[in-house]
Amino acid sequence: MKLTKIAVASGNEGKIAEIKAIFDGVEIISMHELGFDGDIEETGKTFKENAKIKAQTISKAYNIPALSDDSGLCVEALMGAPGIYSARFSGEGDAGNRKLLLKQMEHITDRRAYFESAVCLCMPNGKTYFGQGRTYGKILWEEIGTNGFGYDCLFYSDDLKKSFGLAADEEKNSVSHRYRALCDLRSKL
C-alpha cells in the first residue's frame, strides 16, 4: 500500500518529529494542522486501545489516513507503572513525572524498565493496522542529558549503552520503541 499523506493524531511535537524522521517521503501533518485542537480522551486500558481511539477519531473527522502512537514507560519494580499513564503520571508535566518516578524508585535496586509503543493506522474506509515495539533498559538514579522528551533523561538504553537524554535523535530513532512499532506496522501494509 502506497501512502502519500498521513495525519498524526497527536499534539506531542517530540512524537511528531520522530514519526516524520521515520516516515521519510510521506507527508506527515499534525492534527493541529488539520484544525483539530480538541483533546481526545484516552479511555482504553492498553496502549493499543488508546492508539486506536486517537487514530479513528482523526481519520473519521477528516477522511484521511491517520496514525497514532500510544506509548509509555513501564518499570518492572512498579508492576508496569507508569504505563499508559506515563504522560499524566504526576499531573504536573514531564518534569513532575520524572520527579515522581525518582521518588518512587528511591530505594529500589531492580531498575529494569522498557518503553512500549503501540501504533495504529486507521484508513478512511475503516481498515485498521497495528504495530508494536519495545526498547529495554533501566531507570537511572538521576537525570542524565537534555535530549529527547518525557522520561528520556532517566532511561538508560541497553541498545545504546547510554541515556536516551544523551542520544542524538538519529541514534534514539534507530532503537526506539516507536521506531520498532512503526517498522512492525510498515511490514503489515
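Arg98 counts as buried, with a relative accessibility of 14%, where buried means under 20% relative accessible area, exposed over 50% and partly exposed in between, using a 1.4 Å probe and protein chains only. This is a predicted model, in which local features need pLDDT of at least 70 and side-chain atom pairs count only at pLDDT 80 or more, while totals for chains, interfaces and linings use all residues. Residues are numbered from 1 along each chain as its sequence is written, and side-chain values use heavy atoms, with hydrogens and water left out.

The buried residues of H4 are Gly96, Asn97, Arg98 and Leu101, and what covers them includes strand S3 (66-75) and strand S5 (128-139); helices (H or I, at least four residues) and strands (E, at least two) are DSSP runs, numbered from the N terminus.

## Salt bridges

The structure holds 14 salt bridges, each a side-chain nitrogen of Lys or Arg within 4 Å of a carboxyl oxygen of Asp or Glu. In one of them the side chains of Arg98 and Glu143 meet at 3.0 Å, N to O. Glu143 lies in the loop between S5 and strand S6 (155-157) and Arg98 in helix H4, so the pair ties together parts that are 45 residues apart in sequence. Glu143 is partly exposed at 42% relative accessibility.

Glu42 and Arg88 also meet in a salt bridge, at 3.5 Å, N to O. Glu42 is partly exposed, with a relative accessible area of 25%, and Arg88 is likewise partly exposed at 38%. A network of salt bridges links Glu42, Lys54, Asp70 and Arg88.

How values were computed:
Contact = heavy atoms within 4.5 Å.
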